[in-house]
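Subject: Structure for you to look at

Hello,

Here is the structure I promised to pass on. Please open it alongside this note.

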Amino acid sequence: MSGGGPALDERPADRVASPSSAAECAAAIIEAAAAGHAVVPWGGGTAIAHGNRLRAERWTALLTRGMAGVHEYSPDDLVITAGAGTTLAEVQSVLSEHRQFLPIDPRWPERATLGGLVATNAAGRLRAAYGATRDRLLGFRAVLADGTELRGGGKVVKNVAGYDLCRLLCGSWGTLGVVTEATFRVHPLPPVRRWMQFGAANLSAALSAGVAAHRARLQSAALAAVGGPAPALIAALHGAAALVDWQERALGEVAAAHGLQRGVEIAGDEAASRWAWDPDPALAARATLTISALPGFAAACEPLAAALVCDVASGVVEASIDIAGIGGDGGLRRAAAALATAAGPGGSVVWPRVPAAWRPAVDVWGPEPSTLELMRAIKQALDPGGTLSPGRFIGGL
């Protein structure tokens, strides 16, 4: 171990561990715990800013990038197993040689690691068509706070008997164990992948067209209304040529009926950049809503946002908030209350990015879930000493 490197809440790590195997990972956790350090798993760092302040005086950053590489790949079975430090881009490169892909598309695939995908249950614009990480994860290996190795799932699709540990660990944000290996079910590349864009007078028009297209059950792989200086409706169409051609015509008819103008077909990379809202915002909110709540929430959020993306297919809204115009932590508190109200009883708002000094003004995870006490019991059972990312998750877990 050595000092320097990663920082949380403007606090540099007291130590940095870079294991290259599960055994080294276990040793690093045990050593850190013995020294009175909390341990924070650290993959590509793409989601590390999301969370409460770390509840520990000293902490060790456990870098997983050394546990990288594809361990097993069976194209015929559509299953791949790789180390937790393997990036999504590296996996996609291997899969593309057999015209397959892992349909999880968070931002920064060249940095996002498989362990991080599992820890955060990551998803992107394709979530409505293919699901999130939890829906693709078949098995994993992880190291618990006492150094014990835990295995869950397997390498076949029907592998669950008893407790589904994959779903337990997936989305636990590094508070239950450190993922060292993951097995995923992959998907054949669609014969045709087409990205369409339709310019709109404003976000409201783009969103109205998107909601109409969604309710028409056109089954696009992704569908989002984008605000900002060039409002637009952007769609990804996946499938056989005849299906995609039909979807394109039907989507064009819906867009035209709402006054949108057909733009040129765009490449996937360009589309991703258009609806990435902001590559690295200082202040950001993300809401999960019912489809009917989207227009009202977007109207409430738009005056605050420097960039705004409404994922119509999944009901997820991502906003990069204008930090200069928010008015300090008091303004953030008022904005958070307004957005929570706009989200309605069926929605929720979380804050993936908040400046460290403003953290007390907002609950970055939103309202506490009804399952919080059960979550506390699980945390206590698997990490009684509070070694792994203490305090950073929902309810201070």
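First, the ground rules. This is a predicted model, where local features need pLDDT of at least 70, side-chain atom pairs count only at pLDDT 80 or more, and totals for chains, interfaces and linings use all residues. Residues are numbered from 1 along each chain as its sequence is written, and side-chain values use heavy atoms, with hydrogens and water left out.

**The strand**

Strand E15 covers residues 232-239. Strands are DSSP runs of at least two residues, helices (H or I) of at least four, numbered from the N terminus. In E15, 8 of 8 residues are buried (under 20% relative accessible area, 1.4 Å probe, protein chains only). One side carries Ala 232, Ile 234, Ala 236 and His 238. The other carries Leu 233, Ala 235, Leu 237 and Gly 239.

E15 pairs with E13 (residues 192-199), antiparallel, through 8 bridges. Pairing takes at least two DSSP bridges. Arg 194 has Leu 237 as its bridge partner. E14 (residues 222-226) also runs antiparallel to E15, with 5 bridges. There, Val 226 stands opposite Ala 232. The E14-E15 hairpin has 5 residues between its strands, and Gly 228 takes a positive phi near 100°.

**The helices**

H10 (residues 294-301) packs against H11 (residues 328-343) at about 165°, axes 8 Å apart. Axes are fitted to C-alpha atoms over the stretch in contact, and angles run from 0 to 180 degrees between N-to-C directions. So H10 is roughly antiparallel to H11 (over 145 degrees). Phe 297, Ala 300 and Cys 301 of H10 contact Leu 339, Ala 342 and Ala 343 of H11 (heavy atoms within 4.5 Å).

Best wishes

Methods
Angles under 35 degrees count as roughly parallel, over 145 as roughly antiparallel, 65 to 115 as roughly perpendicular and the rest as oblique. Buried means under 20% relative accessible area, exposed over 50%, partly exposed in between (1.4 Å probe, protein chains only).
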